[in-house]
Amino acid sequence: MLGFIIRPPHQLLSLLLCPGLRLPRLSVLCAQPRPRAMAISSSSCELPLVAVCQVTSTPDKQQNFKTCAELVREAARLGSCLAFLPEAFDFIARDPAETLRLSEPLDGNLLGEYTQLARECGLWLSLGGFHERGQDWEQTQKIYNCHVLLNSKGSVVATYRKTHLCDVEIPGQGPMRESNSTLPGPSLESPVSTPAGKVGLAICYDMRFPELSLALAQAGAEILTYPSAFGSVTGPAHWEVLLRARAIETQCYVVAAAQCGRHHEKRSSYGQSMVVDPWGTVVARCSEGQGLCLARIDLNYLRQLRQHLPVFQHRRPDLYGNLGHPRS
């Protein structure tokens, strides 16, 4: 049986910014025991730093951009190489008609502002769920929930259109019919190499489908990201446990930027943006309200964990088919 130790506290420090973007305070999150053989060899200051932004989007697109831009600039100032924004970072509308009216194509004004922001700050941006008017807009009059990844030069390096649409009725949370205004994406996106590691793109409700996360991990993902707008009922029950499960079963870092608070009179979100490491430990978490948290990504630790616990080598597709295998 393997011996266990607590990871050194300086490797678990996460910077959390309170609402209003005051000076950051240090917070040490409790570590779960980890195998002794997987002690970290790299200095923590050498590891890439990522920022997870938590916002309260409204129907006001320009105010939303101002809030997101302040967080992104703060993330850059603190040394992040990649900042993650939540689903619907652009806006959260009051009804499907307003959603369609406020939507834009990828080459519209709003994405243009974000490409300039990425260039200005010199960091990558995960834009977690953009209301996109696709090439079929004129025919369908429906949009895509599109996760856009920008590099530090402001170029679009990947787009993933949400494949699992959230059509649910949760007592106490109200019905949601994403398909009223949105089309499902046709495919997964191959993991993308970034300064923090290979990132696999997903969006919110996708986290309930482990096949997707397994496919991304099999395709080489080291970081899975689930930008979200979780509700106030499902959030306390499922948010953290699903994120930790996806991290453990794929042996990936999981980064989840979330919407928080009340967006308008018809909708509110749970918040609790976080980063989970491949052991399943929450290593960074946002406080209440708008702000950000920071975490370092240790790929050496990830590789050691996969070596010592080689679950992907033990899979039995002869028994349960090709679940979780990358698409050819």
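The accessible surface of this protein comes to about 14,200 Å². Carbon and sulfur atoms account for 52% of that surface. Keep in mind that this is a predicted model.

Now the inside. The protein has 328 residues, and 54% of them are buried. By secondary structure, we have 8 helices and 20 strands. Take the contacts between residues at least 6 apart in sequence: 73% of these join residues at least 24 apart.

Two helix pairs next. Start with helix 1, residues 61–77, and helix 3, residues 109–121. Their axes come within 10 Å and cross at roughly 15°. Angles under 35 degrees count as roughly parallel, so helix 1 and helix 3 are roughly parallel to each other. The crossing is right-handed. Who makes the contact? From helix 1, it is Lys-61, Gln-62, Asn-64, Phe-65, Cys-68, Ala-69, Val-72, Arg-73 and Ala-76. From helix 3, it is Leu-110, Glu-113, Tyr-114, Leu-117, Glu-120 and Cys-121. By class, that contact holds 9 nonpolar, 2 polar and 4 charged residues.

Which residues meet? Helix 5 brings Pro-210, Ser-213, Leu-214 and Ala-217. Helix 6 brings Arg-246, Glu-249 and Thr-250. This contact of helix 5 with helix 6 divides into 3 nonpolar, 2 polar and 2 charged residues.

Terms used. Residues numbered from 1 in each chain as written. Predicted model: local features only at pLDDT ≥ 70, side-chain atom pairs only at ≥ 80, totals over all residues. Heavy atoms only, no water. Contact = heavy atoms within 4.5 Å. Helix = DSSP H or I, 4+ residues; strand = E, 2+ residues; numbered from the N terminus. Nonpolar A, V, L, I, M, F, W, Y, C, P; charged D, E, K, R; others polar. Buried < 20%, exposed > 50% of the residue type's maximum accessible area, 1.4 Å probe, protein only. Areas by Shrake-Rupley, 256 points an atom, 1.4 Å probe, with all protein chains shown as cover. Axes fitted to C-alpha atoms, helices over the stretch in contact; angles between N-to-C directions. Parallel < 35°, antiparallel > 145°, perpendicular 65-115°, else oblique. Left-handed = near helix turned anticlockwise from the far one by under 90°.
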